[in-house]
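The following note sets out numbered points on the model shown below. Please read each point beside the sequence and the coordinates.

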Amino acid sequence: MRSGARSGLGFALVALAPVLTIYATVRIYPIAETLRLSLHNWNIISPRKPFIGLANFEELMGDALFLEALRNTTIIAFAVLAITIPAALALAALINHRYGSRLAGFYETAIFIPHVVSLVPAALAWKWVFDAKLGPLNWLLGRFGVAAQPWLYDPVLAVICVIVLCAWQAVGYAVLILIVGMRNISPSLYEAARLDGANSWQLFRFITTPQLKPVLLYVSVVTLISSFNIYAQAFVLASDSQGAPGKLVRVLVLDMLENSFRNYRVGYAAAEAVILLAIVLVLTGAQFRLFRDRSAAS
Amino acid sequence: MSAERATGASGVADRVIDVALMAISFAMLTPLAFLVSNAFKTPAELLAWPPTLIPDAPTLDNLRAVIRETPLFRWIFNTIAFATLSTAAIVTTSAVAGYVLAKFRLPGFGLIFGTILATAIIPFEVYMIPLYLGVQAAGLLNTLWGLLIAYLVMSFGIFLIRQYAMTSIPDELIEAARVDGAGEWWIFLRVALPLMRGPLGALGVLAFFQAWTAFAWPLVVAAKTEAQVIEVGLALFQTGFTVELGRLSAAAAVALVPSVVFFAVMRRNFVRGVAASGMKE
Amino acid sequence: MSARDAFAPPPGPSATRRRALCAALAATLMAAPLPALAQQKLTLWSGWTELKPFYERVAAQFKKKHPDVDISVEVIALREHEKRIALAMPSGAAADIIEMQVEYGRYAEAGLLPPANAAATAFVSDPKHFDKFVQDAVSVSGKVYGVPLFRGQTVLFYNTDMFAKAGLSGPPKTMEDYTTYAEKLTQRDSAGKPTVSGWSLRLSGGGMGIAEKFWINMHQYGGAVVREKNGKWFADYANEAGRKTLKQYLDNVIVKKTVSPEMKADAEAFSLGQTAMFIRESWVIGDIAKKAPGLPYATAPLPKGSIVIPVGLYVPTKDAKKAALAWDYTLMANEPENLVWLLDNVGWLPNRKDVDYSGVIKAKPAFEAFVNYPKDHSFFTLPFITPVSEVLTRLAARLEKGYLDPALAGNDAAIDAFLKAAADETNTILKREGFYGAP
């Protein structure tokens, strides 16, 4: 873009300025404010916010609940990522393959709708599915001779339940993005390859996948970040609203909200956010590296 | 050109794929089928065990109660207004910023993009307190502006458009337009945007449903019941002790209707993809 | 490849028009803010959905007295209610009337909550209306800040059919009875696994509830999670009372297996006939009437005493005229006729004592145990110090694991070590927040 570099520069800055202004006001400022609070002790109501240095972080390192939340969240996020991306890629490829068929719309809608349904009633339906005594899942397992499992009560199984619920919601989003990505690949690429005698698998492997790389990067970053931010899913599955409480899978956001609004320790919750930010930044950076390296190799 | 590629592959393979996709679709819908079914159950049947998928004695009481006792349609209307405006704002800001960040390489852009992405990492609930205090200081509590202010931009939206723009808009196309003397705005509006129709449609869907399912922010910013959005309205059916499951499900089922309709309408917009967008060899 | 072709499709005029339409629509909507607070409109925030009809009933009466004033009742789940209060109180954006439990203390002390007006103070201070315990629960250093409304108090609910079948003629009298009764009441399948729990204990769930229930049981043995001394607090459960309480849980869950964590629990299990007894507040009576009207059950006071969580109405509004109206509303909610309706229709226990509730109690004898308890019955409440929820949440996390730990069952030394570690943590939190005082 040599010839247009001059006008391009002006355009880029003018176009970006309003967006960045909004960004600075509604995202950067409140986030910076939050990060600043991580070095302070604040209970929301007090006008005093004494500076306490890294004391919040020191305390976090020995906080059993925080460490448990960190462990659970990491496990859940990676599991959701590991399930969602391959499943979504396969589903998107299959649906894309059947795009001419009338059923494609149904498939796409059926898979996407879990992403938008109100979480609480949906999670209550899932509580039934997982119910230890007579839930359909245990009934199904019983037919294969597997003993009934206390899904929502066992510390390990409860984490699996949260993973399943999150993956159920995440996969529709990923499928939608991937299908749009596949539809946006120029048909000419396929035609040329087909003339060279490539079969469907080869088309998928050597054209679809590399062309999708930026979109795949997007989907995996978003899935990982969103999974690190889950909270309501874990809460609803364990909630005692029906008098049938499950094992509470403590996740980071839940712990932060409790610290902010129940324990009134905003600075402490902000310190948790800083740690979350650091972890996810590193992971996101790694994903960018991974995708860039591969494209360089291919 | 037909969207269906004539591959010559046997119809048998397609039938197998259909069966598999059908099975997966139904599996995905099963929990929702329970939800819809719950909407038509009596309190006694809701407690019955094992749960029934088709209500024994279907009742419209839950629906009636929800419509009579809550401003459900008002909530849905509020949400549609809020979600529409938010979608318009997000699609606009993301299209501009995503395109610029994908197609212009200026010093500092990497940092800007990284910062934008990093803001998506911090859960909204965490920085909600400073943002709330800001909105309150600006006197925007209980106004649509106050509600909207948190939903004008979407980090993932900018990211999404950037990623698509990188592959879907060939640099040669932009370059050729410049050679022809086209202005940058003209290129953006007439060259880039048409090629991004699919991704922008998808982003529209995502932005709309992000607003549609918003909870934490509307709860505190639009604290008045009649000014509420659907997700907060639904939460009014819960208490710490018991859940009015039948009514909650009925309200959630009603709220699903516009969601499905909106998705179906929008879907037509972005399924066409590149083949229909006018770009050919 | 020709770039020119790409420019071919002219922009549809419809697209332009649509955009203009959207912009116009947006402008219209923007210009119309959500309905602003009318001059004569009061808002009430509550955290109990089942109370909505009650507040609306009072609002209707209020409207008769003040035809130009509307009251909007906005109820949401307790957790969200706490959140909106935490955000709105410091910024002065809270509703005109809000319902609070012990957290009113922190707002009153921070100067964010004005004291009650003269009329409300006079009403609350009258010993004819409220016990001192209740008056204290809406006051800070002798000054009245709110009007008490109702309270959460616990009793034993037991299934009379199951008791009769097990040959038990009445409710358990001592805590030791609870375990022996639970053993007799448990129904098992052929493999010996419990299918109907003898005594439903809170073994899992979200947050502090587990510790609160533990405290209720421990109160019967004379223990407390935190106890006050000269305005300072200390953990009081690494002792015999704590050991007996935890041991009883372990006995029931691990040794005698009268209950297991995956069984349905609490009010739901009771309504379904899947537990023989459990401890809970009075709202269960209304809940059972709705969900399992035919259930044969009775209630009994706990052996030594109960938790009492008082809930009151507060008026954070600074506008003098609105505040006067708001206080008037809180007094109207305390009219005898409304309180009788509250007990009868919602099931929460009103605090005002000079009201004749006998009609309701006669019709619904399950309320008896809540109001007619032994003279020496003792009550405790959650202290209104900030760290209390953190203390309970962290204790709950430990208990949830401890209840299922076979290494603790039957091992007093291990139990003591467990409680010691938990109590140390409690004291550390109290120290950090400046509330700790050695016993």
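Buried denotes a relative accessible area under 20%, exposed one over 50%, and partly exposed anything in between, with a 1.4 Å probe and protein chains only. The model is predicted, so that local features need pLDDT of at least 70 and side-chain atom pairs count only at pLDDT 80 or more, while totals for chains, interfaces and linings use all residues. Residues are numbered from 1 along each chain as its sequence is written, chains are lettered from A and ligands numbered from 1 in the order in which they are written, and side-chain values use heavy atoms, with hydrogens and water left out.

1. Confidence in chain B. The mean pLDDT (the predictor's confidence in each residue, from 0 to 100) of chain B is 82, and 85% of its residues reach 70 or more. Within chain B, helix α4 (residues 72-103) has the highest confidence, at a mean of 92, and helix α15 (residues 273-276) the lowest, at 44. The pLDDT is below 50 over residues 1-7 of chain B, a stretch with 8 contacts in the model beyond near neighbours in sequence; a contact means heavy atoms within 4.5 Å. Residues 273-281 of chain B are also below 50, with 15 such contacts. Where pLDDT is low, the predicted coordinates should not be read in detail.

2. Make-up of chain B. Chain B has 15 helices and 0 strands, where helices (H or I, at least four residues) and strands (E, at least two) are DSSP runs numbered from the N terminus. Of its 281 residues, 61% count as buried. Among contacts in chain B between residues at least 6 apart in sequence, 72% join residues at least 24 apart.

3. Two buried positions in chain B. B:A214 is found in the loop between α11 (197-212) and α12 (216-221) of chain B, and at 3% relative accessibility it counts as buried. Residues up to four places away in sequence aside, B:A214 touches B:F82, B:Y151, B:V229 and B:E231. Its C-alpha atom is separated by 18 Å from that of B:A202, 12 residues away along the chain. B:T119, in helix α5 (residues 109-119) of chain B, is buried with a relative accessible area of 6%. Not counting residues up to four places away in sequence, B:T119 touches B:S155 together with A:Y23, A:R27, A:I28 and A:I31.

4. The interface of chains A and B. Here 102 residues of chain A are in contact with 106 residues of chain B. The two chains bury about 9,400 Å² between them, 76% of it on carbon and sulfur atoms; buried area is the accessible area (1.4 Å probe) that two parts lose on being put together, summed over both. The count between chain A and chain B is 2 salt bridges, a salt bridge being a side-chain nitrogen of Lys or Arg within 4 Å of a carboxyl oxygen of Asp or Glu. A:R98 forms a salt bridge with B:D14, with the closest N and O atoms 3.1 Å apart. Helix α1 (residues 5-37) of chain A gives the most to the side of chain A that touches chain B, with 21 residues.

5. An enclosed helix in chain A. Helix α4 (residues 104-112) of chain A is largely enclosed by the rest of the structure, because 8 of its 9 residues are buried. Among the buried residues are A:Y107, A:E108 and A:F112.

6. Salt bridges. Over all chains the count comes to 41 salt bridges. B:E175 pairs with B:R178 at 3.5 Å between the closest N and O atoms; the two are 3 residues apart in helix α9 (residues 171-179) of chain B, and so are separated by about one helical turn. B:R178 is buried, with a relative accessible area of 9%. In chain C, the side chains of C:D344 and C:K364 meet in a salt bridge (3.0 Å, N to O). C:D344 lies in helix α15 (residues 336-345) of chain C and C:K364 in the loop between α16 (358-363) and α17 (368-371), so the pair ties together parts that are 20 residues apart in sequence. A network of salt bridges links A:E59, A:D63, A:R265, C:E390, C:R394, C:R432 and C:E433.
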